[in-house]
Amino acid sequence: MILLDNVSKYYKGEKTPALEEVNLHIQPKEFVFLVGESGAGKSTLIKMLIREEKPTYGNIMVGGIDYRYMKKKHIPHIRRRIGVVFQDFKLLPNRTVYENVAFALEIVGVSNSEIKRTVPKVLELVGLSDKMDKFPGDLSGGQRQRVAIARSMARQPKILIADEPTGNLDPENSDGIIRLLEEINNFGTTILVTTHNAEIVNALKKRVVTLSHGRIIGDQKDGGHYDLDGSRTRITKRSLGGTAPAQPAAAPQPQVVSNTPEAPQPKAPEAKKPKTSSGSAVLEQMRKAKAADEAKPVAKRRKFSR
Ligand SMILES: Nc1ncnc2c1ncn2[C@@H]1O[C@H](COP(=O)(O)OP(=O)(O)OP(=O)(O)O)[C@@H](O)[C@H]1O
Ligand SMILES: [Mg+2]
């Protein structure tokens with residue numbers, strides 16, 4: 001479950017919020033399109049889900065983990081639960097397709113034997129078994145995006161987030177990528193995709209959440225359309241909260257994260273202004289996170305494991 005509870009985000013030095021009072025509830029196994037004009041706040045929302053940015057106000061919970069209590073050392077666990085795919089792939093150019101996927105497992109401490117078992121399986125899932133030994137530069141854009149998806153899926157995340165995964169692709173490849181995400185969703189993975197591709201959104205008839213100027217202005221539960229002005233489902237302040245059955249205020253109370261006995265008790269941490277992250281590449285962050293994770297005793301490290 002993904003829950004944003006009245007989340008606002010002001011980037012450092014900015015007077016207007018990138019996100020404002022966003023309430024969103026995504027159930028496990030849902031497939032959700034997140035749409036909105038350029039600058040609407042889509043990537044900001046995603047960055048907060050993977051803890052690349054912190055909300056200025058409000059709270060986020062993912063899979064029962066309350067982000068208010070999250071410490072730096074917990075971030076790797078979040079990144080294992082949430083796979084992320086970006087428009088520009090972020091592949092390692094000097095490593096083969098196989099090595100790109102294997103590397104994502106290596107850096108979170110997966111054993112060699114498990115890597116050998118897993119990588120061929122995920123490459124088969126994305127239809128790239130025959131490209132294992134190729135380098136990213138030898139692949140088409142669509143194939144590169146498939147490698148990026150394979151890399152995210154290798155860790156078997158519960159949630160897969162794709163930020164404009166079709167942004168650099170032609171219509172045929174875009175369609176293929178979205179179908180692949182749909183297939184992954186059919187295996188039970190929650191999918192959140194941002195896109196500017198109206199045709200795909202209208203064809204798939206999924207839930208469509210529309211952001212405009214940092215606010216959710218539309219939330220079509222299913223059979224959703226690409227509708228940037230939100231006229232199909234204009235959301236009033238009262239109805240904010242996505243598919244959550246209750247008012248935002250009645251959203252699940254922060255369950256204390258099971259693995260944080262040392263976590264502080266709830267004390268309005270959301271009033272703090274966060275530091276903005278350097279925006280460095282996710283791989284680099286994962287590398288650092290892993291180093292930090294490894295510095296901890298094994299017993300502590302494994303507490304978030306499924
Ligand atoms: N690091 C940052 N510092 C300051 N402002 C930022 C930063 N990142 C994004 N913004 C601003 O926040 C707002 C939302 O940006 P965001 O990248 O989330 O939009 P988006 O919906 O993903 O747009 P696009 O469709 O173009 O990718 C924009 O006004 C943007 O200029
Ligand atoms: Mg964006």
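**Packing, sheet and ligand shell**

Modeller: A150 touches V101, V122, L123, L125, V126 and L128, leaving aside residues up to four places away in sequence; contact requires C-beta atoms, placed from the backbone, within 7 Å. This is a predicted model, in which local features need pLDDT of at least 70, side-chain atom pairs count only at pLDDT 80 or more, and totals for chains, interfaces and linings use all residues. Residues are numbered from 1 along each chain as its sequence is written, while chains are lettered from A and ligands numbered from 1 in the order in which they are written.

Biologist: How many residues does the largest nonpolar core have?

Modeller: The largest nonpolar core has 67 residues, and L34, L49, I60, V101, A150 and I161 have the most contacts inside it. Such a core is a set of buried Ala, Val, Leu, Ile, Met, Phe, Trp, Tyr and Cys residues joined through C-beta atoms within 7 Å, where buried means that 20 or more other C-beta atoms lie within 10 Å of a residue's own.

Biologist: Turning to the sheet, what is the strand order?

Modeller: The open sheet of 4 strands runs β2-β1-β4-β5, with antiparallel pairing (pairing needs at least two DSSP bridges; strands are DSSP E runs of at least two residues, and helices H or I runs of at least four). Its edge strands are β2 (19–26) and β5 (65–66).

Biologist: And which residue of β2 is the bridge partner of L3?

Modeller: That partner is H25.

Biologist: Which helix gives the most to the shell around ligand 1?

Modeller: Helix α1 (residues 42–49) does, with 3 residues.

Technical notes:
A residue is buried if 20 or more other C-beta atoms lie within 10 Å of its own, exposed if 12 or fewer, and partly exposed in between; C-beta atoms are placed from the backbone. Two residues are in contact if their C-beta atoms, placed from the backbone, lie within 7 Å.
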